[in-house]
Amino acid sequence: MAKKFSSKLENEIINVRRSESLDANQITDLIRASTEGIFGRVNVIYLLEKANLALTVCTEKNVVVAHAAFLDYPALDFVDQASWESWLHENYDSSKCTPLNTLFMHLFVAITDVAVRSIKELIRTVFTAAPELHFILLFTLQGIDLEPALEEVFKPLKCLKSSKATYAAFVCHRHDHCPVLYVRRARVRDHDDLIPIFTRQDETLINTYGEYFLAELIDAQDEENHAVVCEVGGTAVGFMSLSSDVNTEFLNECFELVPFHGLHKPHPDDLLAQPVVKSPSEPSPAPEREINSPSSQRPESSSSQHSAESSTQSTESKEFAKDKQSTNPALENKVVASRPTSTGSDTSQGDISPKINDPESFAGEIKCQNLKHTSSTSRESGKRDNFHPVYKGDLNAFCIQLFGIDEKYETRSMDFLPYAFQLYPEKDFCIITVPRLVPEFPLLQTFVRVGPRSCSTLSQELYVFHRSGLLQSFVVRPAKSSDMVGAEKLVRTLALQDSILKDLQTYNQARRDADGTAVQALVAEVMSQIVGIAIVRNEEEIEYIRSHYNIEDFVYFNHHQREEHGHLHHFVLNPVFQHYIKHFFKEILRLTYKSCLYYPVYPSKEEMKSPCAHSLTSALHYMVPVRPRRQIAYPLKELGINAPSRRVCEDQVSYALNHTNRKLTLEPKVTINAQIVVVGASDVGISFLETLVFCPHLRFNNITLVSTHGLLGNKAPSPQHQAFLAKSHCYNDKDYALMSLQSWVNVVVGKMTGINRAAKYIVISGGQKVPYDHLILCCGQQYQVPCPSGADIGKLVNNRELSVTPDQRFTKEKPCNLFTLNDDEDCQHALHWLQDNFINLQGNAIIYGNTTDVYTTAQTLLSLGISGSRIHVIEPPLNSIVTCFNNFIIESGVQDALAKAGVTLYHNSILAQWNNGGDTNSITCASFTTDTKPFKLQCLVFFSFYPKKVDYEAFKAINDACLVFDGCLVIDKNFHTNDAAIRAAGPLTKFARRYYVDELSHSNFNSKEIGFQLAAAMLQLFDPTIESVAELPEKLDHLIVMYTAPKVQGGFLPGEHYYLHVAKPGISAPLEIQKAQLHYGEEFITGSVKDGNYFRIHLNRYSMVETITCVSKQPFPVSNYLCLYGQHERLLNGLCARFAENLISDLYSYFKEPWCMAIYHDRFIDFKQEVRQILASKQVFDVPTIEQMVYKLVSDGLSLSEDPQEYLQKQYEECGYKNLVERSVLNYLKYNSYHLPMYAQPGMI
């Protein structure tokens, strides 16, 4: 409990924050003997892991002075956590306590001097974090006195006469610390109280409407326009202006309001579906349902059905409202505060929400509200449905025109809504529009965000709230057989309704599947109506999840029992109650005795094959996406019985994993509505999106990807078409499945053709406009159609005599049999064309270019069974002195393989003409000039990999927008163009000339790292947890960032050789020149290209791995070899010494040995960092650390009489570093033993 430390703390500034695991030791130090008397014996680490809300009070120096932990069930062993409510009501005067409004204190400790201050701040913070919370309960044994600090906030809870409880109960009420606000009509005299709230952050309203705009707004109230305020102590602290004048026609044009019935009352003459014109004899087609189609998720729209159900529901809603006014007048006094915001004309005409008393009408919307790929399909060019329903019924919504509240009370903003709906008893929806760049304030967290239409360029977000959302009788309980009728109504419009109902029936009949897996079904109920369903099973693959996903970013795995992990199969909730999603999760965990829930998102093609399909959950935004872990490619044959278990190393269908746990149920996310548009699905663009999406505490609502062929990885992979191009090994189809970017990102299929910087939108092919607040250009460079030089080979012209540059743009129509392969879609198209028009015919294939893609394409053609004599590889002159392989041994091996296959290779040849200068609709022959005499070839298909540069349409869009273009798009070191709203990265860009690095650009670095750094720069605008970076001194401002991740290239080369090259990023130089340098280092080579077992590893002057080159006839584990880059040779089992002793004859076999599995582990980097921290820590007073000693030795600042290495070894052992490092090694191997069972552990022998 309270522990006395120092009287100086009485005047210390203290802060309340979420508890962290690192606080455990300091919290334990605060526990006194009296703590056990009140709270029992407490395991702090366990409590921090399982608490719904754990808060720590600390000083400015982060010294913990107090802590409190709260759970959703009492800390009593004899009370079942799933049924505490009945026990509580039977023994105490607690009829108002429900799981929605009650939490239980399980621990409070504090330093005596600040105990009272701390407990008050903690309690205030708890009530602020949970707006629905009204009671905090504390139980102690009878006769145990509370500490003075607890007595300040807790009052005894009366026991019932029939009670046999042996515990005393205490209660802390919201109204004593953070009361519900009183709301009333605004009066003109409130003006002076309110105007500072609006002017504190912005004076736009005063400048636009005058100094007394609030007084005029209040004075102008009538039946349609109202103004209300919330007050504290007689002072108005918040204001809301309401109007029933809503332009629903405009809102329906801009937003997807069909699920909300267009914000109108149902009417028999409503036109809800596009009329289908058919002949009298033509049968009516059955409606098709697609899982990801918004239309399939909309409610059925029978006019009579809507009329009947709506009238019943609106009557119930009105009766409920009247009943609340008569039986609970305190509702009129509920008011809360929110940060000052103002909206313009769009807000006054704003409109939000569907009719809430109709659960069925919202069931369909559940899927399309939160999952981005549902709306992405409507953004694809040529696939939009332009039909807008016509509504004849009365307007069913009012809007919030203006809203502002003192920041101190903003978490109680929802207290305005009961009074607002009383002013409009005939309206079911309240709507508000806010600018996209305005941070989401607490009032909006209770509203439902409405997705914009694909054609909308409105810079506003629309939010809607239904009257029924005010209901607080939200009860979650186990399902019963009698719930089937209500469940059928709720899910009848969902594509997977049969699966949901089948699982519900299974639970009601047997409580488990046929294979014995336990099934748990829960329903959410409001006023005896089923508004939500959840189906949970035990997570049987928890070992696989732990080993393949970074779940330990969110939980300490060892503190959770196997049966506490649950698999969420279905989650359906009426969007009217969306603000209860986290409470629903909290109740699922409590009632099913789980501590963690997992929800997989399979690729669409795999989900349809799954025997146990998952419904698309509307709660995805309330879970956190879990990053996949890089897996070791185990040599199972070599490891034998020392290989990991089957559950760890088996290959399953890849899926993206989402997660929630007890700690996350009361942890908010920061919502970001800014429109972020990424142009180009390049490695840079995908890495940027990945970084944003996997920020667990941020929710991006408006990320859009514009790509010529959409998002990659959505089609079934084909080994043949994927072999056409060399690989960067940044992403593959499995990576796309593990990320499921389509769940979070809107995808627009098309090519950018224009940028309007003033209006902030881009134009894509077809004329569609895509608005942006932040534009990210990552479209890179592409292979272009080559432009013939036009030389007449009849005159025996050579390359030196050409009068035009071969890099000019081809302006005619692209020949039908010419292919420029830039992505998988292009390769797939080329493969199909070859199968239909080339393989079984006679004619030549010409491959033109000098990149690695030329040779991978040649091998692909050979793999398709095409004779080598039909393939001609034409290499134009190099633009630099570095070849694509930069290794003469490999170049010779590839050329030998081509010659052996019968492929003809031409060097230094420039395209002169197609079809002898005639029509180029289809290429029949091509002529080339060389350094000597020209030549001509017959041609049936032409593959061009030259030149590679910025696409002309992208260039034109950039240039017409007046963005600086100097061969490439010019950026600064922070990715900025000359427009602050536009950033760019990747090969599309170059650094401004003021940096004096014209030869260096992003193309010299790893694209995945570039994308990550670009996202890191963007996150500084959105992430409140990132501290602002101090600006560099002017002298250092012209330095660019040097990236460290290696450049990787791989592919399938002629001779059926698998190829990999890993090299240090930066400016390339010919290998011969590198070897001639004084500090080149040393290299080790085994095997040969001819034998198909070539392996070259290069160590720099510091004995660190700097280059890896592999050419092999057998596939090899690329992901493993990438881990070798940057490692010291001593970590590679003394590589140099073993080579010197001729102990290594084959590096492929060497790197399959069990000792190197730990280096391939994804957490080996963290382990190295931990060891580095140990060596940098001071273990003995007045003795420098090992790191400091090494630094002094290197800088000649330490003179020794003995050998430096022996001296360091002696200090390493005597100062205790050796024991610490050894302990760290053993902990690393023990904690990751499920991945590394091949290492012996202490006690095994």
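Predicted model: local features only at pLDDT ≥ 70, side-chain atom pairs only at ≥ 80, totals over all residues.
Student: At what angle do the axes of H37 and H40 cross?
Tutor: At roughly 165°, and the axes come within 10 Å. Helix H37 covers residues 1164–1176 and helix H40 covers 1217–1231. Helices (H or I, at least four residues) and strands (E, at least two) are DSSP runs, numbered from the N terminus. Axes are fitted to C-alpha atoms, for helices over the stretch in contact, with angles from 0 to 180 degrees between N-to-C directions.

Student: Which residues make that contact?
Tutor: On H37, they are Phe1164, Phe1167, Glu1170, Val1171, Ile1174 and Leu1175. H40 brings Tyr1217, Leu1220, Val1221, Ser1224, Val1225 and Tyr1228. Contact means heavy atoms within 4.5 Å.

Student: What about H39 and H40? How do their axes cross?
Tutor: At roughly 75°, coming within 4 Å. H39 spans residues 1204–1214. H39 and H40 are therefore roughly perpendicular to each other.

Student: Which residues of H39 and H40 meet?
Tutor: Gln1211, Tyr1212 and Glu1213 of H39 meet Tyr1217, Lys1218 and Val1221 of H40. Tyr1217 and Val1221 also take part in the contact with H37.

Student: Now sheets. In what order do the 5 strands of the open sheet run?
Tutor: S34-S41-S35-S36-S37, with parallel pairing. Two strands pair if DSSP finds at least two bridges between them.

Student: Which strands are at the edges?
Tutor: S34 (818–819) and S37 (904–906). Each of these edge strands pairs on one side only.

Student: How many bridges join S35 to S36?
Tutor: There are 4. S35 is residues 845–849, S36 is 871–874, and the two run parallel. Ala845 has Ile871 in S36 as its bridge partner.

Student: Which helix packs on the sheet, touching S34 and S41?
Tutor: Helix H27, residues 824–837. H27's direction makes about 160° with that of S41 (941–945).

Student: And the 3-strand open sheet: parallel or antiparallel?
Tutor: Antiparallel, in the order S38-S39-S40. Its edge strands are S38 (910–914) and S40 (935–938). Neighbouring strands are turned by 30° against each other on average, direction ignored. S39 (residues 925–929) pairs with S40 over 4 bridges. Phe928 stands opposite Phe935 in S40.

Student: New topic. How many salt bridges does the count come to?
Tutor: 41 salt bridges, each a side-chain nitrogen of Lys or Arg within 4 Å of a carboxyl oxygen of Asp or Glu. One of them is Glu256 with Arg453, the closest N and O atoms being 3.9 Å apart.

Student: Where do Glu256 and Arg453 lie?
Tutor: Glu256 is in the loop between helix H10 (248–254) and helix H11 (303–327). Arg453 is in the loop between strand S15 (448–450) and strand S16 (460–466). So the pair ties together parts 197 residues apart in sequence.

Terms used:
Residues numbered from 1 in each chain as written. Heavy atoms only, no water. Parallel < 35°, antiparallel > 145°, perpendicular 65-115°, else oblique.
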